[in-house]
Amino acid sequence: MTKEEMIECSVCHSKLVKPTTKTVSRAYDQYRSKTPKKNRALNVLLVVGDCMLVGLQPILVYMSKVDGKFSFSPLSVNLLTEVAKVVFALVMLLIQARNQKPGEKSLLSLSTFVQAARNNVLLAVPALLYAINNYLKFIMQLYFNPATVKMLSNLKVLVIAVLLKIIMKRRFSIIQWEALTLLLIGISLNQISSLPEGPAAMGLPVAMGAYIYTFIFVTVPSLASVFNEYALKSQYDTSIYLQNLFLYGYGAIFNFLGILGTVVIQGPESFDIFQGHSKATMLLIINNAGQGILSSFFFKYADTILKKYSSTVATIFTGFASAALFGHTLTINFMLGISIVFISMHQFFSPLSDVKEEENGVLELESVKKTDRSLC
């Protein structure tokens, strides 16, 4: 193995293989098995916060519709959301820079920013995919009620597991694959007879259009989540707020380009990004920004699967809230589906389902001679 393929740990001064999809996965598996109580508490807080925000999101989208349509441009909501997240990242980065210890390299220096930008250029990929997905969230609301949208989005869990297996070489036990299958069954049970009836959309029957949007709605954000997790964890030493600044900055650019595209097609009057907004849309922007910020903490410090499972818990809140606010019926299919989802969650995260580390499946380490350390 060449020296170019090795890097030195800044903590123990041992050499280890450069982070690839396989080593990033193994490193996370080892980290998860040794997670201290304070990190478990962080995971609980992330899950609780995510459940609340994700559960409210389809409700706020539904409240933003006027006569079944949006009086504003969904792209404008997405752009304002990204701008809000950029502002948050900047504020937190300034606070973190002020609290740096003497001797640490400044987070606000030009060299730090340029180097971090080069190392985190991969974040442009999930930013583009998220920009597409955020627009699709509004399109899906035209076909399904809030509870069904939430259940459909949970299909991403199975897709993400497959992508993690292929792209990041993550390992799942047979019990965990069975748990994910149970999750798919629970979602499918709720989805029965959920497609709406009505006029055609985009020249296709509504059922066909809904299936197409569902496929894109599931695959695009799944790819975004996997790329986002790898990009954040592969540059673990970079401040998460600096990484978020790049991610949200890319997202703002892509959404702004989308608005410029609508201007070309619909005319200059469509450039007013504040047109048609209400208190509900402002709350929606805040909610979406909060979701994005929490997601970055999930991907860097926790796990994509945990993020998606936490979103399934929000299904209960969404279902009951939509029933109370909008009179949507909680069917027996919905209740049975939720029960299966909870069984799946318990099975997936049970200690009995953990993957056993193979003898050669550990992160490679190589001792560093004292002479090598002196050259650093």
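These legends describe close-up views of a predicted model.

The model is predicted: local features need pLDDT of at least 70, side-chain atom pairs count only at pLDDT 80 or more, and totals for chains, interfaces and linings use all residues. Residues are numbered from 1 along each chain as its sequence is written, and side-chain values use heavy atoms, with hydrogens and water left out.

**View 1. The whole protein chain.**
The protein chain has 14 helices and five strands. Helices (H or I, at least four residues) and strands (E, at least two) are DSSP runs, numbered from the N terminus. Of the 376 residues in the protein chain, 48% are buried. Buried means under 20% relative accessible area, exposed means over 50%, and partly exposed lies in between (1.4 Å probe, protein chains only). Take the contacts between residues at least 6 apart in sequence: 83% join residues at least 24 apart. Contact means heavy atoms within 4.5 Å.

**View 2. Helix H3 against helix H11.**
Two packed helices are described by the angle between their axes and the distance between the axes. H3 spans residues 74-98 and H11 spans residues 279-301. Their axes come within 9 Å and cross at roughly 55°. Axes are lines fitted to C-alpha atoms, for helices over the stretch in contact, and angles run from 0 to 180 degrees between N-to-C directions. H3 and H11 are therefore oblique to each other. Angles under 35 degrees count as roughly parallel, over 145 as roughly antiparallel, 65 to 115 as roughly perpendicular, and the rest as oblique. The crossing of H3 and H11 is right-handed. A crossing is right-handed if the near helix is turned clockwise from the far one by less than a right angle, and left-handed if anticlockwise. From H3, the contact uses Val77, Leu80, Thr81, Ala84, Lys85 and Phe88. From H11, it uses Leu284, Ile285, Asn288, Ala289, Gly292 and Ile293. Eight of the residues in this contact of H3 with H11 are nonpolar, three are polar and one is charged. Ala, Val, Leu, Ile, Met, Phe, Trp, Tyr, Cys and Pro count as nonpolar, Asp, Glu, Lys and Arg as charged, and the others, Gly among them, as polar.

Lysine 85 sits in helix H3. Lysine 85 is buried, with a relative accessible area of 8%. Leaving aside neighbours within four places in sequence, lysine 85 is in contact with Tyr248, Ala289, Gly292 and Ile293. Asparagine 288 belongs to helix H11. Asparagine 288 is also buried, at 12% relative accessible area. With neighbours within four places in sequence left aside, asparagine 288 is in contact with Gln57, Val77 and Thr81. Asparagine 288 and leucine 53 are 235 residues apart in sequence, yet 7.7 Å apart in space, C-alpha to C-alpha.

**View 3. Helix H3 against helix H10.**
H10 covers residues 240-266. The axes of H3 and H10 come within 8 Å and cross at roughly 160°. That makes H3 roughly antiparallel to H10. H3 passes H10 in a left-handed crossing. The residues of the contact of H3 with H10 comprise 15 nonpolar, nine polar and two charged.

**View 4. Histidine 277 in the loop between H10 and H11.**
Histidine 277 lies in the loop that joins H10 and H11. At 18% relative accessibility, histidine 277 counts as buried. Leaving aside neighbours within four places in sequence, histidine 277 is in contact with Phe72, Ser76, Val77, Leu80 and Met282. The C-alpha atoms of histidine 277 and valine 77 are separated by 8.7 Å, with the two residues 200 apart along the chain.

**View 5. Helix H11 against helix H12.**
H11 and H12 pack at an angle of about 140°, with their axes 7 Å apart. H11 and H12 are therefore oblique to each other. Ser295, Phe298 and Phe299 in H11 meet Thr304, Leu306, Lys307 and Ser310 in H12. The contact of H11 with H12 holds three nonpolar, three polar and one charged residue. Alanine 314 is in helix H12 (residues 304-326). Alanine 314 counts as buried, at 0% relative accessibility. The C-alpha atoms of alanine 314 and valine 48 are separated by 9.1 Å.

**View 6. Lysine 169 in the loop between H7 and H8.**
Lysine 169 occupies the loop between helix H7 (156-167) and helix H8 (174-191). Most residues other than glycine have a negative phi. Lysine 169 has a positive phi of about 60° although it is not a glycine. Lysine 169 is partly exposed, with a relative accessible area of 43%.
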